[in-house]
Amino acid sequence: MTPVARLDPLLWLVMIGSVGLLLPHLPLAVVGMVAASLVWRRLHEVRDWPLPHRGLLTLFAILGGAYVLFHFHGFWGRDAGVTLLIVAAGLKLLETRDERDQYGVLLLSFFLLVSVLLFDQAIWIFLLVGLLFWLLVGAWIGVSQPVSPPIGVRMRHGGTLLLTGLPFALILFALFPRPPGGLWGVQQPGGAAQTGLSEQMRPGDFDQLGRNPAPALRARFEGEVIPPEARYWRVHVMSRLDPDDPEGWVADPSAGTPRIEVDEDSLIDYEVTLEPSGGRILPSLPAATETPADTRLDANLLVQRPRPVDDRLRYSLQSALEYRLDADGLPDSIRARNLRTADLNPLLADLADEWRDLPPTDRVAAALAHFRDNDFHYTLSPGRRESPDRADAFLFETRAGYCTDYADAFTRLMRAAGVPARVVTGYQGGELSDGYLVVRQSDAHAWSEVWLDGRGWQRVDPTAVIAPERIEAGVAASMADDPSLPASVRRDDSDWGRRAQMLFERLDNRWNQYVLGYDGRIQLDLFAGMGIAGMPPLALALLALVLAVVAWIGVLWALARRAERRAAGSLTDYLWQRLQDRLGRLGIEREARESEQAFLERAARALPREADDFRRIGNQLQSSRYARRATRRQEALLQTRLKNLLRRLWLPRRMSGRRD
């Protein structure tokens, strides 16, 4: 049997690492196929299993291509293309029979590593891909040599190659003109949608969200950050009772355009970075007056998007904090929908009936007073009762609940009292960190809106009556003594886990904002600071290329100097060799059998201005060469004098050249 070349061990690591990072994004059948290819290849190298015949490989290739075509309905697109690439890589492993074939595996591995970043660009993924890329360069060095160097040598040379090109890449990244928008057009970290706000709400639905410290969004304001009582991030408006469970609520479908009046003096501009949610609504502060280009504002002041938010998304908004919505009246159908009670909770209905003769604003005040005066508690663990009249049980028995309980009960009270009301869900609050307002999943919140004649829809948050600290300082402050609140949600800066979490979030946010989100706007700010903001794009491109080439040459020069120093053996010998080279360029060549003292004496006569320096260095060199043990202080002094003399011999020559 003809011996088959073993895959380079570094190439094995790269293949396993890149395939492992892509596994979550591959169909199950392809996962099994590539795993079988890896195992078969390994058994071939370890136990001499025969590789499949080329005809069988051709059949596997046809079947793999047919599966990709059937599964993705085509070969185009990211998912289909990467899956096809994985199939090709698995088959190539089973085809590799000599060292030349390993170059094909190397090339496929480069593409596999790049494809990982099409799915996820989180900083830890980027670092892992960078490490695998380093291993791949080391594998390439080993495969390309007749006798493969040791792995340590290859990794050192591979790291040198990568560092050589790094300044070139960084300068082009920062300065090369780019169109509007950063890397946000491709998949971003967290490609799978996280659990967030649902389009349905039942009492208890937010309990798990209240325990989740993961960021939901980050906001950066132009100017001062708005106060806590204005931080209501609108996501769903619910005026309909769930037909399958009238104790629950269902989000209204998107329809119409808002009938709104805004106070121009309350306008604010801000930018939001939204984590994957799976929904089509972009959280916003009401009332949004300017929205992203591919969105629309519906009649409920929700910013609607045509596609789900399955990837991190950054967008800019303008909102008016003071506004009136539907102040000129409600259509009969909408009024009827916002008064429906489903004939549940008789005790609640009896209580609300006592307020029917009051003006609408007094009915609202009476309901809030009922919460305030009857020993209600705000908690994540209210001990719920499963009954057909859960609002009655909450109002008159347990008197303990989360924001969903209070919003649900208050809205039902208002409807029973004859005031149109609805539930709104979203986020409330946020925590300032690194210049951004970080809104977490634990900040998920539900509140109510009531419609008042001449004023339109007005926000009423019963939670603010029971636990005002929840609105002013967040969930952690409102339930500081509640043992059900996880430590990860508590804002205890003395906790090391909390500090580590905040540090990682700041690092992740800076990576997302300034690397993945590096767009034309941020680049223009950089250009303004450099004084080149007015240059045309072609001139900027040429400048970027010139600077990148200069930086690349500088790195090569530094590496060459480093190699010379390593070859010299010590810093003193390296500086001494440089001095001889410098003097040689000035026409003072050292003769073949000339001693160091004689050479320096001749240099002192040729350059009288530096004569004293030459003689001091000669004396110190002689002491260093022939002393039993030169002290560190003596070595450091000799090195300093050599550096100073080299600098003086370079500067006068440069200046004289300019004068000439």
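A salt bridge here is a side-chain nitrogen of Lys or Arg within 4 Å of a carboxyl oxygen of Asp or Glu. Before you click, note that this is a predicted model, where local features need pLDDT of at least 70, side-chain atom pairs count only at pLDDT 80 or more, and totals for chains, interfaces and linings use all residues. Residues are numbered from 1 along each chain as its sequence is written, and side-chain values use heavy atoms, with hydrogens and water left out.

Select arginine 240 and aspartate 252: they form a salt bridge, with the closest N and O atoms 3.9 Å apart. Arginine 240 sits in strand S4 (residues 240-242) and aspartate 252 in the loop between strands S5 (245-250) and S6 (260-262), so this pair ties together parts 12 residues apart in sequence. Strands (E, at least two residues) and helices (H or I, at least four) are DSSP runs, numbered from the N terminus. Is aspartate 252 buried or exposed? Aspartate 252 counts as buried, at 12% relative accessibility, while arginine 240 is partly exposed at 32%. The cut-offs are under 20% relative accessible area for buried, over 50% for exposed, and partly exposed in between (1.4 Å probe, protein chains only).

**Stop two: a longer link.** Now pick glutamate 275 and arginine 312, whose salt bridge has its closest N and O atoms 3.0 Å apart. These two link distant parts of the chain, 37 residues apart: glutamate 275 is in the loop between strands S7 (267-274) and S8 (281-282), and arginine 312 in the loop between strands S11 (303-304) and S12 (313-320). Both residues are buried.

**Stop three: inside a helix.** Go to helix H2 (residues 28-47), where glutamate 45 and arginine 41 lie 4 residues apart, about one turn. Their side chains meet in a salt bridge at 3.1 Å, N to O. Glutamate 45 is buried at 4% relative accessible area, and arginine 41 is buried too, at 0%. By this rule the model has 28 salt bridges.

**Last stop: the cores.** A nonpolar core is a set of buried Ala, Val, Leu, Ile, Met, Phe, Trp, Tyr and Cys residues joined through side-chain atoms within 4.5 Å. Which residues have the most contacts inside the largest one? Select Trp233 and Phe371, in a core of 82 residues. Helix H12 (residues 403-416) supplies the largest share of this core, 8 residues. Apart from it lies another core, of 40 residues, including Leu38 and Val105.
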